[in-house]
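Student: I keep hearing about packed helices, and I'd like to learn how to read them. Can we look at a case together?

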Amino acid sequence: MENKIKKLIYGADYNPEQWAEDVWYEDMELMKKAGINTATINVFSWVLLEPEEGKYNFDQLDKIISVLEENNIHINLATSTAAQPAWASLKYPQMLPIDKNGIRYTHGSRQTFCPNSPDYIRLASNLTEKIAQRYSANNNLLL
């Protein structure tokens, strides 16, 4: 595998989907000023990518990737499966973990899923496959 960055990788999580798009361009200037060359994106974006089961929308992620590319910032693309959408927790409550007292967690915080739930595995795998199909040929992604 070819090393895409010939220097130290320097960056952090970047969650631009959580604020107005016009701020992204200021972010790019600040990142370049700080010497950032890599951003981890798409960590908690599941509900934006799949607002309802089986219905995908990658428009915003496409734009975020494009802005990073235009600014020569490499991408560490996460699967977005660290926080399932509310629709998933409501439709498949058995994907929510149970505490030591037998009480099932409710939806509302990050990583509140049972990672061995068949429903979580199926839904997360479906999303991850769609992301891989869409972005695997992108040259700005770090592998």
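Student: How are two packed helices described?

Tutor: By the angle between their axes and the distance between the axes. Here, helix α1 (residues 21-34) packs against helix α3 (residues 59-70) at about 25°, and their axes are 10 Å apart. That makes α1 roughly parallel to α3, since angles under 35 degrees count as roughly parallel. The axes are lines fitted to C-alpha atoms over the stretch in contact, with angles from 0 to 180 degrees between N-to-C directions. Keep in mind that this is a predicted model: local features need pLDDT of at least 70, side-chain atom pairs count only at pLDDT 80 or more, and totals use all residues. Residues are numbered from 1 along each chain, and side-chain values use heavy atoms, without hydrogens and water.

Student: Which residues of α1 and α3 make the contact?

Tutor: Contact means heavy atoms within 4.5 Å. On α1 look for E21, W24, Y25 and M28; on α3, for Q60, K63, I64, V67 and L68. By class, that's 6 nonpolar, 1 polar and 2 charged residues. Ala, Val, Leu, Ile, Met, Phe, Trp, Tyr, Cys and Pro count as nonpolar, Asp, Glu, Lys and Arg as charged, and the others as polar.

Student: And how many helices and strands does the protein have?

Tutor: Helices are DSSP runs (H or I) of at least four residues, and strands (E) of at least two. This protein has 5 helices and 3 strands, in the order β-α-β-α-α-β-α-α from the N terminus.

Student: What share of the residues is buried?

Tutor: Buried means under 20% relative accessible area with a 1.4 Å probe, counting protein chains only. Of the 143 residues, 40% are buried.

How values were computed. Angles under 35 degrees count as roughly parallel, over 145 as roughly antiparallel, 65 to 115 as roughly perpendicular and the rest as oblique. Buried means under 20% relative accessible area, exposed over 50%, partly exposed in between (1.4 Å probe, protein chains only).
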